[in-house]
Amino acid sequence: MEIITNSPEETRKLGEEIGQRLEEGDVVSLTGELGSGKTCLTQGIGIGLGITEVIRSPSFIIVNQHHGRVPLYHIDLYRLEDSSQIYELGYEEYLYGKSACVIEWGERIEPLLPPEHLSLSFTWLDETRRKIQFFPSGNRFQDLADAVSQSCRLAR
Ligand SMILES: Nc1ncnc2c1ncn2[C@@H]1O[C@H](COP(=O)(O)OP(=O)(O)O)[C@@H](O)[C@H]1O
Ligand SMILES: [Mg+2]
């Protein structure tokens, strides 16, 4: 499944549809070049989780925590130098704890992700358009992706 968004607002709206459906322990891994919309989508996920504070790209820190209906860890691995650094962070609490977790550049720690998770791949098409492909692992995320795609189609 793939969705093309035509503006940052559409990407945030897609994120909101995902966020509304996330539960404790869910992991969403985001892959795509700088400026492709990973943080923008994460902001929408935050809205869907009922988070009221602003979600920004973590600039020097790698992990931000936000409080919503379900707590959210927002991890950005852009500055991760090598994957062994993730062990120093204590990743188990983020990926296997009682929060939802969104990871930008998640492919850098692919082997550590729980077997069931949602991967999204972002492609920059032009100034205002992004292609977002869904790669759900496991039944729960397959169903979640189907539900999100259906409600996005209805909205158009
Ligand atoms: N359809 C779109 N979806 C998401 N962002 C878009 C879109 N069109 C333009 N943009 C712009 O692209 C940039 C995406 O930045 P960001 O979400 O921080 O990317 P990343 O986290 O992948 O580096 C923002 O400046 C945003 O305004
Ligand atoms: Mg980002």
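1. Glu2 stands opposite Gln133 in S7. S1 and S7 pair in the antiparallel sense over four bridges. Strands pair when DSSP finds at least two bridges between them. Helices (H or I, at least four residues) and strands (E, at least two) are DSSP runs, numbered from the N terminus. H1 packs on the sheet and touches S1, S2 and S7; its direction makes about 140° with that of S1. Axes here are lines fitted to C-alpha atoms, for helices over the stretch in contact, with angles from 0 to 180 degrees between N-to-C directions.

2. **Basis of the model.** This is a predicted model: local features need pLDDT of at least 70, side-chain atom pairs count only at pLDDT 80 or more, and totals for chains, interfaces and linings use all residues. Residues are numbered from 1 along each chain as its sequence is written, while chains are lettered from A and ligands numbered from 1 in the order in which they are written.

3. **Overall build.** The protein has five helices and seven strands. From the N terminus the elements run β-α-β-α-β-β-α-α-β-β-β-α. The C-alpha trace spans about 45 × 30 × 30 Å along its principal axes. The radius of gyration, over C-alpha atoms, is 14 Å; a compact globule of 156 residues would have one near 15 Å, which agrees. The globule rule is 2.2 Å times the number of residues to the power 0.38.

4. Buried residues make up 39% of the 156 residues. Buried means 20 or more other C-beta atoms within 10 Å of the residue's own, exposed 12 or fewer, partly exposed in between, with C-beta atoms placed from the backbone. Of the contacts with a separation of 6 or more, 65% join residues 24 or more positions apart. A contact needs C-beta atoms, placed from the backbone, within 7 Å.

5. **The sheet.** Seven strands form an open sheet in the order S1-S7-S6-S2-S5-S4-S3, with mixed pairing. Strand S1 (2-5) and S3 stand at the edges, each with a single partner strand, so one side of each lacks a neighbour in the sheet. The twist averages 20° from one strand to the next.

6. **S6 and its partners.** How do S6 and S7 pair, parallel or antiparallel? The sense is antiparallel, over eight bridges. Two residues lie between S6 and S7 in their hairpin. Ser121 stands opposite Gln133 in S7, the residue that also faces Glu2. S2 and S6, by contrast, pair in the parallel sense over four bridges. There, the bridge partner of Ser29 is Ser119 in S6. Helix H5 (residues 139-154) lies across S1, S6 and S7, at about 150° to S7.

7. Strand S3 (residues 63-66) and strand S4 (residues 72-76) pair in the antiparallel sense over four bridges. A hairpin of five residues joins them. Gln65 has Tyr73 in S4 as its bridge partner. Ile75 is found in S4. Ile75 counts as buried because it has 27 C-beta neighbours inside 10 Å. Leaving out residues up to four places away in sequence, Ile75 touches Ile62, Val63, Tyr94, Cys101, Ile103 and Glu104.

8. **Helix H2.** 10 of the 11 residues of H2 are buried, so the helix is largely enclosed by the rest of the structure. Among the buried ones are Lys38, Thr39, Cys40 and Leu41. The cover includes H1, strand S2 (27-31), S3, S4, strand S5 (100-104) and strand S6 (118-126). Gly50 follows H2, with a positive phi near 80°.

9. **Ligand 1.** 19 residues surround ligand 1; the closest are Thr11, Gly37, Lys38, Thr39 and Cys40. The shell takes residues whose C-beta atom, placed from the backbone, lies within 6 Å. Helix H1 (8-19), helix H2 (38-48) and strand S7 (129-136) each give two or more residues to the shell.

10. **One backbone point to check.** Trp105 has a positive phi near 65°, in a residue other than glycine. Most residues other than glycine have a negative phi. Trp105 sits in the loop between S5 and S6. With 18 other C-beta atoms within 10 Å, Trp105 is partly exposed.

Methods
Two residues are in contact if their C-beta atoms, placed from the backbone, lie within 7 Å.
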